[in-house]
Amino acid sequence: MTEEESPVAVAATQGAPRTRAFGDLLFEGITRSAAVGVLLVLGAIVVMLYLGARPAFEKFGFWGFVTTAEWNPVTEMFGGLSPTVGTLVSSLIALVIGLPVSFGIAIFITEMAPPWLKQPVGTAIELLAAIPSIIYGMWGLFVFAPFFAEHIQPVLTDTLGELPGIGVLFQGPPLGISVFTAGIVLAIMIIPFIASVMRDVFETVPAELRESAFGIGCTTWEVVWHVILPLTKVGVMGGVMLGLGRALGETMAVTFVIGNAHELHWALFEPGNSIASTIANEFTEADGEVYTAALIALGLLLFIITFIILALAKLMLLRMSRQEGLRS
Amino acid sequence: MDIYRRRKIVNVFNLSVSVLTTLFGLFFLFWLLWVLFSKGLSHLNLDLFALDMPGPGSETGGLRNAIVGSLLLTGVGVAIGAPIGVLAGTYLAEFGRYAWVSTPVRFINDVLLSAPSIVIGVFVYEIMVVPMGNFSGWSGGVALAIIVIPVVVRTTEDMMRLVPDTLREAAAALGAPQWRVVVDVVLKASLSGIMTGILLAVARIAGETAPLLFTALNNQFFTLDMDQPMGNLPVTIFNFAMGPYDNWHDLAWAGSLLITLAVLTLNIMTRIFLRTKK
């Protein structure tokens, strides 16, 4: 066998390839540029958004932009506080509702469901993630919002709304179009993401650990709470972060139901807006350099926030799989 | 109350809640599907595919131009995104499996997988719509391609890694250079898996609205010219749903049903396929 024919075989016998076929170099070069291209796309997104947003940052300053609530196209005064708060609050509501539900679903699938039921239920929940967000928007606007305004919101206002202190959160006009509704729709959208990550990490817990816990007389719940959850903490947090990242950047579903009002309220049943919904609604209508720049600045802000959250999610899941590797 | 009974009650209560949460999740899936079918099915007729979008006040109309536009945009998105994704995935799985550059690429790719699609729309607006001076089908296709790439990179790498190393070694032992091993052995063995990944990416972009809002925009008229704003289903649904006319709402529901059926079919198909693969 001649050496230029087979670098792999050469590497196997002599430690390192001495010569490589031209085809190899070419092919490796092409595939590597594609891979590096992925990095370049990310870099280009950040650079282009920054360049587009610069007029707004120059006029208002970064912190000035982030901390100002006024949004007035006529006087060209733009501040990103209201959409930023709307984004964070609606995503937080989504997490508060979505996290326990996802946890329950993951427990059901991994610990309780008989084998024949695991796959269908898991698939059905994952299909929730496949439905395009515009469909959630249609359903949210025409079906869920009226239903919510008529049946759920009055109940919440009459019970939680009466509480001192936090009662003010549960006030607002009976429209069904509100930050709270957006949060609920987001919750349904992120449940499949969080639940499937939780299911996956729960399944990595070795059967021996489960069995020994059952062996000393633990109930199923105690096994979940005292054995499985402590072992999979990091992975679960990663799943939650992934869901949060999804909720923050979600556009269409939120745009349909959040109401698109540039106002800040304590009441969650008031219409509000989010970064994504503001961009979706106003971008094509924005005239004037500063208006467009302000919208792009919002986009940059959103991209940075979601990037940090998603990077954290990824790091946690990586740590989880590394732990997994050490144990086995 | 003794501790044994308390533990049992806690157990039964928590597990019952867990069953309820599962039903809660499934309930929304069926609610969504039921609404889609009950509102959309009656408007799913031939006119939908034969007529173009109605203007304001016009009584008859379909979604022909939007359907054709969506197919074109998705096609362009996949045609640009899939080759790049497959090549990058090949690098991660084969040539650069342990290269230093692969770690950040994998990381960034996974982040891009969940990046907000509206930001990608803004980005493409900046790099294509502004320099070209008008909204266009091409820019919409590029925006979708950026969403396709991470999905395809991920599945390509995963699928290629499923190919056992013994196959690679066998080919190398016969004297094949590495690129022949990759093309003739690894790619061939994982081709169906990679195609599945591409189908998954199609399902992902078929319903994407946000990146098209200010790239492809929308077009009330039939066009095949990718240099012009192009009608597409998601943005049409958005505009019609927000519009004041009842027949617009009906068309929006029909369009929603159409997209959902397409996306769910693709998803279920790929799932069945992937399960037989593993």
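**Figure 1. Trp139(A), a buried tryptophan in a predicted model.** Trp139(A) has a relative accessible area of 1%, so it counts as buried (under 20% relative accessible area; exposed is over 50%, partly exposed in between; 1.4 Å probe, protein chains only). The model is predicted: local features need pLDDT of at least 70, side-chain atom pairs count only at pLDDT 80 or more, totals for chains, interfaces and linings use all residues, and side-chain values use heavy atoms, with hydrogens and water left out. Residues are numbered from 1 along each chain as its sequence is written, while chains are lettered from A and ligands numbered from 1 in the order in which they are written.

**Figure 2. An aromatic pair across two chains.** Trp139(A) and Trp31(B) pair edge-to-face, 5.1 Å centre to centre, with 90° between the planes. Rings of Phe, Tyr and Trp (its six-membered ring) pair if their centres lie within 6.5 Å; planes under 30 degrees apart are stacked, over 60 edge-to-face, the rest tilted. Trp139(A) sits in helix H6 of chain A and Trp31(B) in helix H1 (residues 3-40) of chain B, so the pair joins two chains. Helices (H or I, at least four residues) are DSSP runs, numbered from the N terminus. Trp31(B) is buried too, at 14% relative accessibility. Both tryptophans belong to one aromatic cluster, whose members include Phe180(A) and Phe28(B).

Figure 3. Trp71(A) is buried at 9%, and Phe78(A) is buried at 1%.

**Figure 4. The largest nonpolar core.** This core has 197 residues. A nonpolar core is a set of buried Ala, Val, Leu, Ile, Met, Phe, Trp, Tyr and Cys residues joined through side-chain atoms within 4.5 Å. Phe202(A) and Ile118(B) are among the residues with the most contacts inside it. Setting aside neighbours within four places in sequence, Phe202(A) is in contact (heavy atoms within 4.5 Å) with residues including Phe103(A), Ile228(A) and Val236(A).

Figure 5. Ser133(A) lies in helix H6 (residues 133-159) of chain A. Is Ser133(A) buried or exposed? At 14% relative accessibility, Ser133(A) is buried. A polar contact of 3.0 Å links its side chain to that of Glu250(A). Such a contact is a pair of N or O atoms within 3.5 Å; within protein, one must be able to donate a hydrogen and the other to accept it, and residues adjacent in sequence count only if both atoms are side-chain atoms.
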